[in-house]
Amino acid sequence: MVQLFKKLIFLRRNRAPIQSRLDAVLRPLHYEKCMGDRRYVGLLIDRSHPVFLKETDLAPADVLFCAVADDNLVHGLISYGSSGEYVHVAVYTGAGRVVEAVQEGVVESSLDEVIDRYPYVAVCRCPGTGSSGIPGLADKVVEFCQRHVKAETPYNGIGALKSPALELRELRCQRKHYSCSDHVPRSKPKDAFFCSELVIEAFIYGGYIPEGQMHPAGYSPSALSEDAIFNLQGFLGCPEMAEHILRHDPYLSGGISYR
């Protein structure tokens with residue numbers, strides 16, 4: 001199955017810039033992100049990157065963006081559908097533990113287990129968790145995540161499938177009306193999450209993202225990374241991935257890379 005996927009070039013995400021009107025039709029989400037300046041040919045100003053981190057460099061409530069493996073069928077389909085380099089996102093809760101929303105539901109995993117699943121992981125941090133940020137934000141984010149682990153909150157598979165379409169609709173609305181669509185605060189709590197939805201809801205609960213400002217169901221992992229909520233700290237994984245990261249990672253390439 002994986003070998004077949006490799007041969008189906010039209011089902012593999014094209015990381016290059018939009019090159020024609022037909023290309024824009026075939027890659028509508030990528031096109032809208034380029035038109036909205038969410039993606040651009042990046043200029044790496046900080047030549048020290050990529051910086052590879054150790055577990056001791058991480059802090060509770062750090063957000064982990066996990067990159068696509070091009071030879072992995074599931075990763076490839078997620079990357080293709082969401083037009084993004086990241087196929088998963090999770091929250092580091094401290095002591096080598098991570099909370100994530102996967103097909104089994106919201107679970108706690110080891111950091112090493114998460115790193116082993118992906119070519120590399122980008123570690124990002126919310127500015128609000130700093131000393132001059134929101135008091136107790138990191139604790140609230142961790143509390144929210146751990147509470148849903150204990151509750152065995154299920155995975156929102158349908159929401160994950162719908163999120164790229166919701167994102168595309170939102171981007172088109174912004175370009176047409178020069179503003180975001182209105183998001184009405186929920187009347188009841190969510191009872192299922194996909195990965196990026198869990199992360200957004202955790203930071204809403206912590207008080208960093210105002211209720212109603214973001215539509216959590218409309219964000220894939222890549223879309224969340226492009227919203228500039230979190231700041232890049234460095235990377236986890238094999239240092240041999242450095243060249244790949246320099247060429248393709250959205251935080252360093254601007255979301256457009258050349259093969």
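Predicted model: local features only at pLDDT ≥ 70, side-chain atom pairs only at ≥ 80, totals over all residues.

1. Residues are numbered from 1 along each chain as its sequence is written, and side-chain values use heavy atoms, with hydrogens and water left out.

2. Helix α8 (residues 195–205) is largely enclosed by the rest of the structure, because 10 of its 11 residues are buried (under 20% relative accessible area, with a 1.4 Å probe and protein chains only; exposed is over 50%, and partly exposed lies in between). Helices are DSSP runs of H or I with at least four residues, and strands are runs of E with at least two, numbered from the N terminus.

3. The buried residues of α8, among them Glu197, Glu201 and Phe203, pack against β1 (63–67), β2 (86–94), β3 (97–102), β4 (105–110), α6 (137–150) and α9 (221–226). After α8 comes Gly207, with a positive phi near 95°.

4. Thr93 belongs to strand β2 and, at 10% relative accessibility, counts as buried. Apart from neighbours within four places in sequence, Thr93 is in contact with Pro60, Val98, Val99, Glu108, Val142 and Gln146, where contact means heavy atoms within 4.5 Å.

5. Leu22, in helix α2 (residues 21–26), counts as exposed at 58% relative accessibility.
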